[in-house]
Amino acid sequence: MTAAPAATKIQAKQRPGDRWFSGTALAAGGMILVTLAAVAIFLIVQSIPAIGASSSQASLLTTNFFDYVWPLLFGTIWAALLALLMAVPLSLGVALFITHYAPRRIAQGLGYIVDLLAAVPSVVFGLWGILVLAPAVQPVYVWLNTYMGWFPLFGGEVSATGRTIFTAAIVLAVMVVPIITAICREIFLQTPVLHEEAALALGATRWEMIRMAVLPFGRSGIVSASMLGLGRALGETMAVAMVLSATGTVTLQLFTSTNPSTIAANIALTFPEAFGTNINVLIATGLVLFVVTFAVNFIARWIVNRRKEFSGAN
């Protein structure tokens with residue numbers, strides 16, 4: 001009668017290594033929250049002088065802070081959405097080819113290549129966008145403007161250099177493709193084999209099996225990967241700053257030399273010469289970007305939690 005409690009007491013006792021590991025893991029997790037809170041506090045405190053500043057207090061402002069940040073916020077979201085529209089279908093296609101169509105040797109090599117793309121510095125993508133991509137796509141812009149200029153997105157006077165918001169979006173799409181592809185590939189590989197075999201046993205083709213078994217299983221994971229890529233595109237700095245010929249306006253036209261800038265690129269280009277309240281203005285725009293990125297991650301987590309029972313990511 002007395003042996004059972006003693007055995008339970010022995011099992012409940014933690015070893016020193018377990019306590020050290022538990023404490024280290026707890027400290028690491030808490031450090032993330034502390035760092036996030038410290039960044040948020042810094043941005044808020046430094047942004048307060050800029051919120052109510054006028055053009056007489058900061059040379060960057062023409063009227064007030066909100067009129068200054070609105071075109072930057074629009075350009076940030078617009079470029080990121082354009083990049084996501086191009087990157088998500090391409091990433092899904094590459095991930096499906098690697099996991100369900102390509103032979104094993106080709107799939108492994110292609111997977112390594114996709115992973116290596118994520119390690120390329122953003123400045124290299126920026127140079128590629130200026131020297132290779134922009135001159136190559138400029139004739140395409142002219143053709144689209146000539147024959148489809150009636151469509152609002154393709155209207156206006158085409159840029160002679162090709163350094164437009166759409167070129168920047170293409171560069172961003174290339175940069176986020178490895179991230180989305182890698183996550184989708186791992187999720188598709190987690191699809192239960194019995195689900196795939198059952199679909200094939202019922203007479204489904206390979207594409208029908210993917211549509212009925214693989215894509216529904218990885219739906220939430222695809223959303224998570226897309227939102228992660230969106231967050232990457234929202235915060236990209238150097239590539240956009242190098243490629244985009246920005247004028248700080250709000251326009252939906254894709255091929256003109258009049259382009260909205262992005263918050264991150266504007267901070268990188270303007271900060272070296274900023275002084276006084278102008279620094280607070282730039283930090284305040286960073287706060288806006290911080291809030292937008294946090295909102296994107298929050299929405300992604302909410303979507304994933306709604307269907308977490310079907311998520312390959314969970």
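1. A cavity, in this note, is a set of grid points where a 1.4 Å probe fits but cannot get out, and a residue belongs to a lining if one of its atoms lies within 4 Å of a point. The model under discussion is predicted. With that definition in hand, the largest cavity can be described: α3 supplies the largest share of its lining, namely three residues.

2. How many cavities of 30 Å³ or more does the structure hold? There is one such cavity, and the space in the largest cavity amounts to about 40 Å³. Its lining is formed by Thr76, Ala79, Ala80, Leu172, Ala233, Leu234, Glu236, Val240, Thr262 and Ala264. Two or more of the lining residues come from each of α3 and α9, the latter spanning 219-235. Sorted by class, the lining of the largest cavity comprises seven nonpolar residues, two polar residues and one charged residue.

3. Lining the largest pocket are Ile98, Thr99, Ala102, Arg104, Ala107, Gln108, Gly111, Tyr112, Asp115, Arg185, Glu186 and Leu189. Three helices each contribute at least two residues to this lining: α3 (65-101), α4 (104-117) and α6 (165-189). Of the contributing elements, α4 gives the most, with six residues. The class composition of the lining of the largest pocket is five nonpolar, three polar and four charged residues.

4. For the second largest pocket, the volume is about 200 Å³. Its lining consists of 13 residues, and those closest to the pocket centre are Tyr68, Leu72, Gly248, Ser261 and Asn266. Helices α3 and α11 (263-270) are the elements that give two or more residues to this lining. The largest share again belongs to α3, which provides four residues to the lining of the second largest pocket. In terms of class, seven nonpolar, five polar and one charged residues make up the lining of the second largest pocket.

5. Turning to helix packing, which orientation do α3 and α6 adopt relative to each other? Their axes come within 6 Å and cross at roughly 40 degrees. The two helices are therefore oblique to each other, an angle of 35 degrees being the limit under which a pair counts as roughly parallel. The crossing of α3 past α6 is right-handed. Residues in the contact of α3 with α6 divide by class into 26 nonpolar, five polar and one charged.

6. Helix α3 also packs against α8 (residues 206-217), with axes that come within 12 Å and cross at roughly 110 degrees. Because of this angle, α3 is roughly perpendicular to α8. The crossing of α3 past α8 is right-handed. On the α3 side, Leu96, His100 and Tyr101 make the contact, while α8 contributes Arg206, Trp207, Met209, Ile210 and Val214. By class, the contact of α3 with α8 has six nonpolar residues, one polar residue and one charged residue.

7. What is the angle at which α6 and α9 pack? The angle is about 155 degrees, and the axes lie 9 Å apart. This places α6 roughly antiparallel to α9, since angles over 145 degrees count as such. As α6 passes α9, the crossing is right-handed. From α6, the contact draws on Leu172, Met175, Val176, Ile179, Ile180, Ile183, Cys184, Ile187 and Phe188; from α9, it draws on Gly221, Ile222, Ala225, Ser226, Leu228, Gly229, Arg232 and Ala233. The class breakdown for the contact of α6 with α9 is 13 nonpolar, three polar and one charged residues.

8. Helix α3 gives at least two residues to the lining of the largest pocket, and α3 provides the largest share of the lining of the second largest pocket and of the largest cavity.

Methods. Residues numbered from 1 in each chain as written. Predicted model: local features only at pLDDT ≥ 70, side-chain atom pairs only at ≥ 80, totals over all residues. Heavy atoms only, no water. 1 Å grid on protein atoms, 1.4 Å probe; cavity = no way out; pocket = protein on both sides within 12 Å on 5 of 7 lines; lining within 4 Å. Nonpolar A, V, L, I, M, F, W, Y, C, P; charged D, E, K, R; others polar. Points joined across faces, edges and corners; volume = space filled by probe spheres on them. Axes fitted to C-alpha atoms, helices over the stretch in contact; angles between N-to-C directions. Parallel < 35°, antiparallel > 145°, perpendicular 65-115°, else oblique. Left-handed = near helix turned anticlockwise from the far one by under 90°. Contact = heavy atoms within 4.5 Å.
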